[in-house]
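Please read them with the coordinates open.

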Amino acid sequence: MTTMNMLPLIPEMASDGARHFEALFWYITLTSSAVGIGVYIALLYFCVRYRRGQTTGSTPRILGSVRLELTWTLVPMFVFLTYYAWGAMVYNKAVHPPEDATEIFVIGKQWMWKAQYPNGQRVIIGGNPRNMSESERQSIGKLVLPMNRPVKLTFISEDVIHDFGVPAFRSKIDVIPGRYSQVWYQPTKLGEYHVYCDQYCGTWHSLMVGKIKVVEGKEFDEFLSGYAPLQGTQNAVDGSLAHEGRQLFLKLQCINCHSATPTGKAPVLEGLYGSRVPLKGGGAEIADDAYIIESIRRPRLKVVDGWEAIMPAYDETQVSAEELNAVVAYIRSLRKGTTPDRTERFPAPNGAPTERQQSPQPSGGK
Amino acid sequence: MSIAVTSHSGPAAAPPPEPPTPPVNYLNVSHTIWSWLFTVDHKRIGILYLVSISIFFVAGGAAAGIVRLNLLQPDGAIVSEDAYNRAFTAHGVLMLFFFLIPAVPAVFGNFFIPMMIGTKDLAFPKLNIASWYVFMIGAVCAVWAVLAGGIDTGWTLYPPYSTRASQSNVIPGVMGAFISGFSSIMTGLNIMVTVHKMRAPGMTWGRLPLFVWALYATSLIQLLATPVVAISLVLIMVERVAGIGIFDPTIGGDPVLFQHLFWFYSHPAVYIMILPGMGVISEVLTCFSRKNIFGYHAIAWSSVGIAVVGFLLWAHHMFVAGISFYAALLFSLLSMLVAVPSAIKVFNWVATLYRGSITYQAPMLFSLGFVVLFIVGGLTGLFLATLGTDIHLHDTYFVVAHFHFVMVGGMVMGYFAALHFWWPKMTGRMYSDWWSRMAAAIIIFGFFITFIPQFVMGYHGMPRRYPNYPAEFQFLNVMSTAGASILGIGYLMPAVYLTLSLFFGKRATANPWSATGLEWQCPSPPVVHNFEHMPLVVVCGPYEYALGVDQLGRGLPEPPGSQDDPAHRDGVTGPAGPMHKETEVVG
């Protein structure tokens, strides 16, 4: 047999809650062990001291003692109540997230965890690849959490009951179909930690496992902005800032002119970012953030050579500065052959149900 | 140390001569198979139960063997994930519904309650045999479900997995549990009525043996809680067959509703399992330490207290299932309170040994094993009742270890103690003293090796019901499987020496342990109507070992192991008359 890894005495503690748990756990362990060992010693002593042969054989007629019985009823009860009170305090902390916690949504499904960040970025935290679609397989990564910042996770299940357990955080919550459940953590240690499904959920219950990666807050912010595919998926832009920009690009109808099938109205934007753009009337400009933003706000200022100045201007009321950033991120991400077709519909928002029942349209004409 | 059958039996090398014609007893009164299948004798029914649950114990144990062997390697050593899921479900369903719940009430309750309270039979003999048939029909359903491919839901049958996703034999499995539940209700009803109405003259509630008190409390739970699980199992079947939304939220149900219904039975059910074991321990510890029990009333009422409070804390199985914060607070508090009567019992048992005169035959070893293991099981329960620790330990191997310490360390040890204590009475034969003590030692040792590592694994977060696990858990899993192998050997040993004792064992006297209960007043094995001379008039409390008298006030025979010291019984010979003085002596 190969050598087997040994477990540490105390499992890794990576959150605020883990510390509270450990203190309580060891309090109960030590006090109850003391009582248990005390009883064992008494038992052993009596068994040796009063074995037949050591005794005369006759025994005293002891029926009981009210004082003793009251003692060993009330003292344990008091000790148990201290467990209860401390436990209630730890639980109170564990189930009530702070107001300012970053919220992440997680959906449990046989047999994978699907998480979504507030900006729409999505990741599959792990599970059994044999049971996934190709795109799901490509999105397997880690749940990235920031150090020392509270994070609230809201869960629901698509099918049966699962349970999201993170031993390093000493935390666990059932993930139930038809109702939302919540848990929150404040990670305190960088590293990667196991996520288990703790509620039996069928054949591959034991493969419904994944990883949490705790990173510095700054790194987490970059990850959220879509530029850093930290969680390790091959499909990092899904839900990223660039993805958001793409949705805006479609929504604002930019696609009507800047499409992949040229209508002769506007240039294709693939590969634009960073390139040298010749301007009408001479001169040239590097297509950086500033140029692209300027071209959206005041399109007739620097028209590209060979095109008519027909693009309307978009002011703050139409496209906010934040949205501009997203559009720029999208343009920056455009590679050869990635411009969507003009007929592409505005996509459903992230997290929308994939199967929607066709409700009959009221048609007044018939 | 050999067991001296009576004080005048002479050296062990010379067995007492066999009588030419054995007296008529419940075993040899008739021999046909029909005389067993249509019997209304509570003793024969007890034997029928004993044979059937022994088979289920072996089957459930085999399933446990598959589970433990598969966990030898992190990626599953012997079977597929599906087969593993079916194996642990078979283990759970067979052990809980078809071994632990009926074990003591249906075997020893049936057999000994009438004898212990001094009557001929249970109140409803025909209901009693009917309960065995109902039990067997349920068992056939469950075994059919297992043989036809198995069930993979776990014994808790949580929907919507069990109603929607599972492709296995949920219906026959649930049917089996449902039907056998009626048997449980019938037995409970029968015992309650018997204890209320059929006690011998003088057998007041204050003179009832504690085993009877424990089974009375158990029957209360069986009668009141079992219908609730029956309802929830029917609802599972209705949802699965007819697609009516009760638990599945996609068709309008609520999965947490099932958990409430299920645990409203299944939490009290753990007391159906453990309370009878506690009753057995109270009998055995007093007998082998030759002491009055310490705090009779505290033990008796703590049984009832456990039965009542046991109904009020089912939701501690749902601390992480999103129940409300205040509900969790309440159920945690009530769970703490149920630990108090259990603690009382343990302290009383230990105090009973104080200044005793203790011998260590197999029943005593099993009982001491019960106390030692139950302390671990009980104390670790506190971690799960405490909210702050349950949020990590819930659904891990910590829970598995905890309930095995209580159910197997407690209940099965109690069952084996009962089996060894009353075997001479049931069969009229003594078993091997050396082998039985060996078996007890091996079982206790194997038990620790099996389940202590599981506490550590659970604390490190290994979830239950995993056929695959991270490699760092392998060492402890291998250790646990090694312990389970020892445990398995320990459990097989009684099957061998008890069977051999039927053919080669020494004949047992009426009272081989020199115990005080009424059941030892009838011959071994008992005659058809239990007692040769009715009616009995009870004049003493159940455990007058210090006075050396049984419940009828008659002197006890020499206890085993004391023939070297006969002088200590001077002064107590023959009927001693009423001497039930409630003198409180401070220990």
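1. How much area do chain B and chain A bury between them? In this predicted model, where local features need pLDDT of at least 70, side-chain atom pairs count only at pLDDT 80 or more, and totals for chains, interfaces and linings use all residues, the two chains bury about 8,700 Å² between them, 66% of it on carbon and sulfur atoms. Buried area is the accessible area (1.4 Å probe) that two parts lose on being put together, summed over both. Residues are numbered from 1 along each chain as its sequence is written, chains are lettered from A in the order in which they are written, and side-chain values use heavy atoms, with hydrogens and water left out.

2. At this interface, 107 residues of chain B are in contact with 90 residues of chain A, contact meaning heavy atoms within 4.5 Å. The rule finds three salt bridges across it, each a side-chain nitrogen of Lys or Arg within 4 Å of a carboxyl oxygen of Asp or Glu. The side chains of Arg61(A) and Glu544(B) meet in a salt bridge, at 2.6 Å from N to O.

3. Within chain B, helix 2 (residues 42-70) packs on helix 3 at an angle of about 155 degrees, with the axes 7 Å apart. That makes helix 2 of chain B roughly antiparallel to helix 3 of chain B (angles over 145 degrees count as such). Helices here are DSSP runs (H or I, at least four residues), numbered from the N terminus, and axes are lines fitted to C-alpha atoms over the stretch in contact, with angles running from 0 to 180 degrees between N-to-C directions.

Terms used
Helix = DSSP H or I, 4+ residues; strand = E, 2+ residues; numbered from the N terminus. Parallel < 35°, antiparallel > 145°, perpendicular 65-115°, else oblique.
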